[in-house]
Amino acid sequence: MDLVVQRPEGLYCPPGDFYIDPWRPVGRAIITHAHADHARVGHGHYLAAAPAEGVLRTRLGQINLQLLSYGEHIVQNGVTVSLHPAGHVLGSAQVRLEHGGQVWVASGDYK
């Protein structure tokens, strides 16, 4: 099974049951950065890099936002997730996923 697949809502991680920068409302979203084409209102839970907090909250209002420092990792349903600087805008991150011997990186936008 692929670690990341395309769905109508956006990029989906089946084993982790979350999306990366989803286009439609979903239960769990990892946001690479706060630009409108990546961060949208309507998700149940948001995960983003800590430096993006101010911009995300200003743009999206009261959201259920979990923050990670760059390089910190969490495990979501057996998938190890970490965020790494992308250099695009304040708080932008590349998303690194690791599960079952596979490693994927989603960049969002970077400079």
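Reader: Is R57 buried, partly exposed or exposed, and what relative accessibility does R57 have?

Author: In this predicted model, R57 counts as partly exposed because its relative accessibility is 29%, a value that falls between the limits of under 20% for buried and over 50% for exposed.

Reader: With which residue does the side chain of R57 meet in a salt bridge?

Author: Side chains of opposite charge can pair when their charged atoms come close. Here the side chain of R57 meets that of E53, with 3.1 Å from N to O, and both residues lie in helix α1, four residues apart, which is about one turn of the helix. E53 is partly exposed as well, with a relative accessible area of 30%.

Reader: How many salt bridges does the count come to?

Author: The count comes to two; besides the pair in helix α1, E98 forms a salt bridge with R96, where the closest N and O atoms are 2.9 Å apart. E98 is partly exposed at 34%, and R96 is partly exposed at 28%.

Reader: Which residues touch the most other members of the largest nonpolar core?

Author: In soluble globular proteins, nonpolar side chains tend to be buried together. The largest nonpolar core in this model has 17 residues, of which F18, I30, V81, V95 and L97 touch the most other members, while strands β3, β5, β8 and β9 each supply at least two residues of this core. Apart from it lies another core, of 14 residues, including Y19 and L65.

Reader: What is the mean pLDDT of the protein?

Author: The mean is 93, and 96% of the residues reach 70 or more.

Notes: Residues are numbered from 1 along each chain as its sequence is written. This is a predicted model: local features need pLDDT of at least 70, side-chain atom pairs count only at pLDDT 80 or more; totals for chains, interfaces and linings use all residues. Side-chain values use heavy atoms; hydrogens and water are left out. A nonpolar core is a set of buried Ala, Val, Leu, Ile, Met, Phe, Trp, Tyr and Cys residues joined through side-chain atoms within 4.5 Å. Buried means under 20% relative accessible area, exposed over 50%, partly exposed in between (1.4 Å probe, protein chains only). pLDDT is the predictor's confidence in each residue, from 0 to 100. A salt bridge is a side-chain nitrogen of Lys or Arg within 4 Å of a carboxyl oxygen of Asp or Glu.
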